[in-house]
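Student: Could we go through this structure together, setting each label against the rule behind it?

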Amino acid sequence: MQLTVGRPMKRTTITFAPLFAVISASFLCSGVLGQIVAEHQGSNVPDDGEQTTRWVREAAPSGVIEGPAGDEKTPAWRIEQFQEGGPMAYDFVPSEEQHQAAEERGWKLSVKLRVDEEGIGPNFCVCAYYAAPEQDIQYTLSFGATAKGEPIVALNTDAADADQKFVVTGGTRSEFHLYELIYDPVVKLAKLVIDGKEFAEGIRPDSNPNKVSRIGWGSRHTHATGAGEYNLVRFEILD
């Protein structure tokens, strides 16, 4: 593979089902596919100008490498922050109309990835996020792995917040996992679904004091390390 420079945790047990069952459960839990606003798939170069989504690359001055990864079955795009540097992320700026529709109809942020290091994070070196300025909200999923290699996902934080961290017990960092953050416009809260199983609900957003408008993924940290391989990043407005 050629790369180019560029308090305790809450543990939730998940039993892994056959692939077909997981996919079916995912659709049942998450609802039907809505209007896709931004998407990255596989090992496609995110900003090569040929993708449906025009991702804007925020290039790191140093400390980050990226390139195609995964395998034939699950191709991915790898972003690795190996020393202090960064950020190195891909952003898409939605329109005001898209933000408004997402607030009124609900939205889903889907990320299928694997974390390539044990005992790391989670931190913002491996993350995906959505921020809406007029609604004054931002949600962030950050990823890591335990010393045993079990994946961890944190919501809106990379600090040791027990109520915001979840361990995918029984999972391994060598496997890709599908994380879905689903926003309910009625209660104005989100829920987290991992591999088709609901892990958390009633998730409140962070505020958005800087009025940032973006959907994005990659590394947004400058003082940590981590590597993620992204098979899928998708933001959609629900029907």
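Tutor: What follows is a set of questions on how the labels are reached.

Tutor: The model is predicted, so local features need pLDDT of at least 70 and side-chain atom pairs count only at pLDDT 80 or more, while totals for chains, interfaces and linings use all residues. Residues are numbered from 1 along each chain as its sequence is written, and side-chain values use heavy atoms, with hydrogens and water left out.

Student: Why is Cys-125 called buried?

Tutor: Buried means under 20% relative accessible area, exposed over 50%, and partly exposed in between, with a 1.4 Å probe and protein chains only. Cys-125 has 1% relative accessibility and therefore counts as buried, and Cys-127, with a relative accessible area of 1%, is buried as well.

Student: What makes Asp-136 partly exposed, and what makes Asp-195 buried?

Tutor: The relative accessible area of Asp-136 is 31%, so this residue is partly exposed, whereas Asp-195, at 10% relative accessibility, counts as buried. Helices (H or I, at least four residues) and strands (E, at least two) are DSSP runs, numbered from the N terminus.

Student: Why is the pair of Trp-55 and Trp-217 assigned its class of ring geometry?

Tutor: Rings of Phe, Tyr and Trp (its six-membered ring) pair if their centres lie within 6.5 Å, and planes under 30 degrees apart count as stacked, over 60 as edge-to-face and the rest as tilted. By this rule the count comes to 12 aromatic pairs. For Trp-55 and Trp-217 the ring centres are 6.0 Å apart and the planes are at 90 degrees, so the pair is edge-to-face. The pair links distant parts of the chain, 162 residues apart, with Trp-55 in the loop between strand S2 (35-41) and strand S3 (56-58) and Trp-217 in strand S15 (residues 214-219). Trp-55 counts as buried at 5% relative accessibility, as does Trp-217 at 0%. Ring pairs also link Trp-55 and Trp-217 with Tyr-90, Phe-92 and Tyr-230 into a cluster.

Student: How do you know that the side chains of His-99 and Tyr-130 make a polar contact?

Tutor: A polar contact is a pair of N or O atoms within 3.5 Å; within protein, one must be able to donate a hydrogen and the other to accept it, and residues adjacent in sequence count only if both atoms are side-chain atoms. The side chains of His-99 and Tyr-130 make such a contact at 2.7 Å, and a further one of 2.8 Å joins the side chains of His-99 and Ser-213. His-99 lies in helix H2 (residues 96-105) and is buried, with a relative accessible area of 4%. Tyr-130 lies in strand S8 and counts as buried at 2% relative accessibility.

Student: What makes Gln-81 buried, and which side chain does its own side chain contact?

Tutor: The relative accessible area of Gln-81 is 0%, so this residue is buried. Gln-81 is found in strand S5 (residues 75-81), and its side chain makes a polar contact of 2.5 Å with the side chain of Ser-219. The side chain of Gln-81 also reaches the backbone oxygen of Ala-224 at 3.2 Å.

Student: Where is Val-167, and what makes it buried?

Tutor: Val-167 is in strand S11 (residues 165-169), and with a relative accessible area of 0% this residue is buried.
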